Amino acid sequence: MKLPDFKYMGKYGELGQGPEEWLKAKTLHVFQDTLYCYDSYKSELLQIIPDDDAGKLTFRSCHRFGKDLTIDLFPLSQSRLCAYGCFEHGMLHVTDTAGMLLQVTRDFPARDRTESMLSNQLRFMAYQGCMDTDGKGNVAYLMADSKQCYVYSLVEDSLAEIFSDQSSYPFYKPEGNEGFSVSFKPENKFGYQDITADESGFYGLYSGKSFQDYQQKAFESSLVEAYTWKGALKALYRFDIPVLCFCIDKKRDVFYAITNNPDPVLVCFPLL
């Protein structure tokens, strides 16, 4: 829909393998006037561009990302993309818009030398997380199963690590002799369940709960930690009910979130 008159411009995202259809879309990322969505099942990057003059949506797609287990892909600049996935080396990969690999960041972390001997792809299973960007080259990566934070910034077409924090490490064990699978111990405390970002910094929805103590409630949280793009904690927000995911609307100074009541519902909190 085109605002403010809600004029219909088109649709996208129907289930399927055809053009403008998705099988599994992890996240949506906005860069300038384009919406980016990566389908990890189709290994396809879809770009949705609103054409205001024609009053419709136009589409571009790229299928050159099928050589590895890329989970998500989003723009850093007009010519650089950031890929996150189960890579043989590196946590993040920087590519050009055709999918050519240009840079590999550090490998996934390890608690000690024993864990460091595990493959990077296996450690990916223990250190998965959520990511977001401000659309200006800054990227934050928050771990889902431990309290860890990594901040990067695009410098001369490469990602430079600006800040990292490893407040805790996950408790898990590899499963089986083949493949990439781990099982977490019940006492392991979850980390960040969601992230949202804007030009001023990023916000992490932090759990800090274990499945042993809270069962499914461990995946919900009411605490939001706000950070600058230098990694400095600038504010704490505590909702009066736990939520599953959230986003921020700076124009209206509010958080939007999804909570179970008992079915999922949309709620709103003031940004004070």
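Glutamate 156 sits in the loop that joins S13 to strand S14 (158–166), where strands, like helices, are DSSP runs numbered from the N terminus, of at least two residues (E) for a strand and at least four (H or I) for a helix. Although glutamate 156 is not a glycine, its phi is positive, at about 50°, and the residue counts as exposed at 76% relative accessibility; exposed means over 50% relative accessible area, buried under 20%, and partly exposed in between, with a 1.4 Å probe and protein chains only.

This is a predicted model, in which local features need pLDDT of at least 70 and side-chain atom pairs count only at pLDDT 80 or more, while totals for chains, interfaces and linings use all residues. Residues are numbered from 1 along each chain as its sequence is written, and side-chain values use heavy atoms, with hydrogens and water left out.

A positive phi is also found at aspartate 253, near 55° and again in a residue other than glycine. Aspartate 253 belongs to the loop between strand S21 (245–249) and S22, and with a relative accessible area of 40% it is partly exposed.

Threonine 196, in strand S17 (residues 192–198), is buried, its relative accessible area being 8%. Leaving aside residues up to four places away in sequence, threonine 196 touches Asp132, Phe202, Tyr203, Phe246, Cys247 and Ile248, a contact being heavy atoms within 4.5 Å. Alanine 144, by contrast, is a loop residue between strand S12 (138–143) and strand S13 (148–155); with the same exclusion of sequence neighbours, its contacts include Gln128, Phe190 and Tyr192.

Taken as a whole, the protein holds three helices and 23 strands. Its radius of gyration, taken over C-alpha atoms, is 19 Å, close to the 19 Å that the globule rule (2.2 Å times the number of residues to the power 0.38) gives for 272 residues, so the protein is as compact as a globular protein of that length. Of these 272 residues, 47% count as buried.

Confidence is expressed as pLDDT, the predictor's confidence in each residue from 0 to 100; its mean over the protein is 87, and 93% of the residues reach 70 or more. It is lowest in strand S6 (residues 56–62), at a mean of 73, and highest in strand S18 (residues 201–206), at 97. Where pLDDT is low, the predicted coordinates should not be read in detail.
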